[in-house]
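Hi,

Here is the structure I promised to pass on. Have a look at it, and then read my notes below.

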Amino acid sequence: MTLDRAVLLFAGLVNLLGIVLAHFVHPAWMWLSVFVSANLMQSAVTGFCPAAILFKRLGVNPGPAFR
């Protein structure tokens, strides 16, 4: 798995987790999905992604988007 796919998978899972928690636990959990979505947009514009840095330090092979 490349770094790009790991970041997208992680973002999707956390986003889905926020939606599930907002539905079953408390509506304020929707802010988790808002944060993930804002971070994805920020990453697309600036190229800076904290999750990519973390996964790179964990040894995930870089892909074409995050070098």
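To get your bearings, in which helix does Ala 38 lie? Ala 38 sits in helix α2. Helices here are DSSP runs of H or I with at least four residues, strands are runs of E with at least two, and both are numbered from the N terminus.

Before you go further, a word on where this comes from: it is a predicted model, where local features need pLDDT of at least 70, side-chain atom pairs count only at pLDDT 80 or more, and totals for chains, interfaces and linings use all residues. Residues are numbered from 1 along each chain as its sequence is written, and side-chain values use heavy atoms, with hydrogens and water left out.

Now the overall picture. Of the 67 residues, 27% are buried (buried means under 20% relative accessible area, exposed over 50%, partly exposed in between, with a 1.4 Å probe and protein chains only).

Next, how α1 and α2 sit together. They pack at an angle of about 155°, and their axes are 7 Å apart (axes are lines fitted to C-alpha atoms, for helices over the stretch in contact, and angles run from 0 to 180 degrees between N-to-C directions). α1 and α2 are therefore roughly antiparallel, a label for angles over 145 degrees.

Back to α2 and its alanines. Ala 38 counts as partly exposed because its relative accessibility is 39%. Ala 38 is 35 residues from Leu 3 in sequence, and 20 Å from Leu 3 in space, C-alpha to C-alpha. Ala 44 lies in helix α2 too, and it counts as exposed because its relative accessibility is 68%. From Ala 44 to Pro 62 it is 18 residues in sequence and 16 Å in space, C-alpha to C-alpha.

Finally, the loop. Trp 29 is found between α1 (3-24) and α2 (30-46), and counts as partly exposed because its relative accessibility is 37%. Trp 29 also belongs to a nonpolar surface patch with Leu 16, Val 20, Phe 24 and Val 25. Together these residues have about 520 Å² of accessible area (from the Shrake-Rupley method with a 1.4 Å probe; for residues, only the protein chains shown count as cover). Patch residues have over 30% relative accessible area and no salt bridge, with nonpolar side chains (Val, Leu, Ile, Met, Phe, Trp, Tyr) joined within 5 Å and like charges within 9 Å. A salt bridge is a side-chain nitrogen of Lys or Arg within 4 Å of a carboxyl oxygen of Asp or Glu.

Cheers

How values were computed. Parallel < 35°, antiparallel > 145°, perpendicular 65-115°, else oblique.
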